[in-house]
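The sequence and the structure are shown first, and the description follows.

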Amino acid sequence: MHDRIDNGCRFRVLAIIDLFSRECLSITADYSLRAEHVVRSLESLKQIGYCPTVITVDNGSEFISRAVDAWAYTNGITLDFIMPGKPIQNAFIESFNGRLRDECLNIHVFHSIEEAREKLEAWRYRL
């Protein structure tokens, strides 16, 4: 997902959801999200005990990278890519993203990336 800070700078949002519990485990916001951000988020979740056997992802450049593939292989995790142009295969995530947009991104004006991170994390804790 993406949004803008009030000065026009775009930022991206990475949400990691446990599809079994429906819990949002992590929300990361930054001006760009590369594979290193994904690996860092997944590794921090692994350190506190969240280590899935399968991760369902879309075909974004941050997910089809060697770094994410290597991390998944090293940790015995299968990456399950949805078919390009078929967001219905990731319906829960699409629904979650719509809720995130409606309940957080669309109602706040962010003045900095730090403020966006704070408000996203506060919204995540209210779930």
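In strand β3, Asp 30 is the residue that stands opposite Arg 12. Helices and strands are DSSP runs numbered from the N terminus, with at least four residues (H or I) for a helix and at least two (E) for a strand. The model is predicted: local features need pLDDT of at least 70 and side-chain atom pairs count only at pLDDT 80 or more, while totals for chains, interfaces and linings use all residues. Residues are numbered from 1 along each chain as its sequence is written, and side-chain values use heavy atoms, with hydrogens and water left out.

**The sheets**

An open sheet of three strands is arranged in the order β1-β2-β3, and its pairing is antiparallel. Two strands pair if DSSP finds at least two bridges between them. The edges are formed by β1 (2-4) and β3, each of which pairs on one side only. On average, neighbouring strands of this sheet are turned by 30 degrees against each other, direction ignored.

A second pairing joins β4 to strand β5 (residues 78-81). The two strand pairs are set out below.

| Strand pair | Bridges | Direction | Residues standing opposite |
|---|---|---|---|
| β2 and β3 | seven | antiparallel | Asp 18 and Glu 23 |
| β4 and β5 | four | parallel | Val 54 and Thr 78 |

The hairpin of β2 and β3 has four residues between its strands, and Arg 22 there takes a positive phi near 65 degrees. Seven of the eight residues of β3 are buried, where buried means under 20% relative accessible area, exposed over 50% and partly exposed in between (1.4 Å probe, protein chains only).

**Helix α1**

Helix α1 comprises 13 residues, 35-47, and reaches 18 Å from its first C-alpha to its last, close to the 18 Å expected at 1.5 Å a residue. That expected span is 1.5 Å times one less than the number of residues. Its buried residues are Ala 35, His 37, Val 38, Val 39, Ser 41, Leu 42 and Leu 45. Among the elements that cover them are β2 (10-18), β3 (23-30), β4 (54-57) and α2 (66-74). Just after α1, Gly 49 has a positive phi of about 105 degrees.

**Helices α3 and α4**

Helix α3 (residues 91-105) packs against helix α4 (residues 113-126) at an angle of about 115 degrees, with the axes 11 Å apart. Axes are lines fitted to C-alpha atoms, for helices over the stretch in contact, and angles run from 0 to 180 degrees between N-to-C directions. The contact (heavy atoms within 4.5 Å) involves Phe 96, Arg 99, Leu 100, Glu 103, Cys 104 and Leu 105 of α3, together with Lys 119, Leu 120 and Trp 123 of α4. Helix α3 also lies across β1, β2 and β3, running at about 130 degrees to β2.

Arg 124 is found in helix α4. Arg 124 counts as buried because its relative accessibility is 14%. Not counting residues up to four places away in sequence, Arg 124 touches Cys 24, Leu 25, Ser 26 and Ile 27.
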